[in-house]
Amino acid sequence: MSTETGSFAFKAEVRQLLDILVHSLYASKEIFLRELVSNASDALDKLRIEQLRGASLDDLPLEIRIRADKDAKTLTVTDTGIGMTRDELIANIGTIAHSGTREFVSRLAETADAEKAKSIIGQFGVGFYSVFMVAREVKLTTRSFAEGEPAWIWTSDGKGEYAIAQAEGAPRGTSIEIALRDEDLEYADPARLKEIITRHSGFLGHPIFVNDERVNTVPAIWREPKFQIKPEQYAEFYRHLTYDTEDPLETIHVTADAPIQWTALLFAPKANRDLLLGSYQGQQGVDLYVRRVLIQHGNKDVLPEYLGFLRGVVDSEDLPLNVARETLQENRVLRAISNAVTKHALSHLKKAAVDRPEAYADLWREHGKILKLGYSDYVNREAFSELLRFNSSACEDEKGLVSLDEYVSRMKEGQVDIHYISGPSREAVTANPQIEFLRRKGVEVLYLYEPIDEFVMESVGEFKGKALTPAERADVAVLEKLPDEAGDESDKPAELSEDQALALPALLSRMKEVLGERVTEVRESRRLKDSPVVLVAPDGQPTTGMHKIMRLITKDESLPQKAMEINTGHPVIRDLLAVAAKKADDPFIELAAWQLYESAMLQEGYLQDPHALAERMRKTLAAASDLYARK
Ligand code: ADP
């Protein structure tokens, strides 16, 4: 065993790193403390393992003590961990242990752009050497736990050399005394140190003291067994994490050990604060820990965007501590964790929806807007579709919510598809003639009030083998076979008379002629009862709801081409048939065709020319009042 003391030169790679660290105006210098504390915590973990293996140890408490001395301009970080022998000291501190870090250094060295270098550094953990961002000089004293090992002192100003000397009487563990640079004296301020520790290392398992005051009082509860944690503890942790004043709506706590170890503790907040002023502020992300050390605040790679309303912590033993943020996304381990966390979160929500429907309905009302974005997650489509909630014709008012499961359980015998309609409000959709037929058959209709809902329905496509079909595409042939709701058969309109039947083709073609390219065709309806006409999307064209979204996106103001169906049982159409029987090109038919078309468009939410509409209404009124006066 070598006992040589004296001066040694740093390896080239270390010199390179030191040079970069010292000469870049490091944006978040404070992370040097995270690195030292994390090393200290590792050293304590390693000692605990030795203890478990039966090593006989001094009776020192396992802890980390940080002492700031403003007058002496020093900061000391001391642990009672495993310590280092002389050889270990040279091997560990004289070189860059991690190949990842080495790679990082060479990448940095290649970066000609100083600004870019700075930002890369800011995203990395660079280990022990980051201390030289704030240190004029470092004196590290260490004694290995191994019996009979002497203590060693390692000193360096970080400029190319370090010295090693033997020390007397040092206790087990490592103590790092930092002589701070004049411009970095903030790190001799205990309040500042406490703040840094709380932010980066607040949940480390070992006690951390700053000038004898315990700092990390919140335990890493996600690491504790679920059955031991009380709801209040979860809530306290949640509030600590989010600064929310309320308790969370849902708490998801999952741990997996194989094939990859990870723990996730996620919360659904009561109020969605990401939707400030109604517009989405973007995903907040989770705190990503590696072995209880915070490596990224607000990580957006673990949870998909649609679960971004969840806040919390994800911790893994299997991620490298110094993984770069920009490569995290491509990290295979993180991707596997992300997939697993997503699956677990979805199945938790699904279960919550069954066990606590009220709470889930609150969650949906608050976070549904974000959650709906999950329509693009093809892999988890089934689980996702179970989480969807909509208002429907079966609800008493616009506040009610139903799941697709409930819908299916209520489907009529002989009903094949799940039907929906979109519109701005419950009033608007219930007045829409497109659902008249479905209502008559007692078929439930889901009411979609938000533009994204159409995308959700189109992408989800089906639920438990039942196609999700917009009301305007409902298969009349199938629905006709269903019995009308009780008592409705009696008020069926009388069959068309021979004259009326003869006039029908003339009326249809005259109306088409009048409306021209605005409609693809005018045909007799089999689905209407109360309304005189309905407009439906011709086959192969986007539904009304979809078209409206596209109009918004493309800023295209043109009106969609529709098929117009007329209700030959309706009194207005009957009168028009009588007019057509006498004179197919009577100007009143033209007026009526326009009026019927435009009011139907208006009901669908399209209003092109209010002046023309008002003018025609005046004309219609004039014709009606004239008739009325002559009666
Ligand atoms: P990393 O922590 O990523 O390995 P560092 O440069 O921070 O890189 O540290 C290099 C090595 O020095 C560590 O792996 C560890 O073996 C050793 N070391 C650092 N700090 C301590 C400490 N407080 N106690 C014991 N060993 C330490």
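Student: Why is Phe455 called partly exposed?

Tutor: Phe455 has a relative accessible area of 27%, and since buried means under 20%, exposed over 50% and partly exposed in between (1.4 Å probe, protein chains only), the value falls in the middle class and Phe455 is partly exposed. This is a predicted model, in which local features need pLDDT of at least 70 and side-chain atom pairs count only at pLDDT 80 or more, while totals for chains, interfaces and linings use all residues. Residues are numbered from 1 along each chain as its sequence is written, and side-chain values use heavy atoms, with hydrogens and water left out.

Student: What makes Tyr375 partly exposed?

Tutor: Its relative accessible area is 21%, so Tyr375 is also placed in the partly exposed class. By contrast, Phe237 and Phe267 are both buried, and of the 631 residues of the protein 49% count as buried.

Student: Why is the pair of Phe237 and Phe267 called tilted?

Tutor: Rings of Phe, Tyr and Trp (its six-membered ring) pair if their centres lie within 6.5 Å, and planes under 30 degrees apart count as stacked, over 60 as edge-to-face and the rest as tilted. For Phe237 and Phe267 the centres are 6.2 Å apart and the planes stand at 45°, so the pair is tilted. Phe237 lies in helix H7 (residues 231-242) and Phe267 in strand E11 (residues 262-268), 30 residues apart, so that the pair links distant parts of the chain; helices (H or I, at least four residues) and strands (E, at least two) are DSSP runs, numbered from the N terminus.

Student: What makes the aromatic pair of Tyr375 and Phe455 stacked?

Tutor: The distance is 6.2 Å centre to centre, with 15° between the planes, and this aromatic pair is stacked.

Student: How do you know that H19 and H20 are roughly antiparallel to each other?

Tutor: Helix H19 (residues 571-582) and helix H20 (residues 587-604) pack at an angle of about 155° with their axes 10 Å apart, where axes are lines fitted to C-alpha atoms, for helices over the stretch in contact, and angles run from 0 to 180 degrees between N-to-C directions. Angles under 35 degrees count as roughly parallel, over 145 as roughly antiparallel, 65 to 115 as roughly perpendicular and the rest as oblique, and H19 and H20 are therefore roughly antiparallel. Contact (heavy atoms within 4.5 Å) is made by Ile573, Leu576, Val579 and Ala580 of H19 and by Phe588, Ile589, Ala592 and Leu596 of H20.
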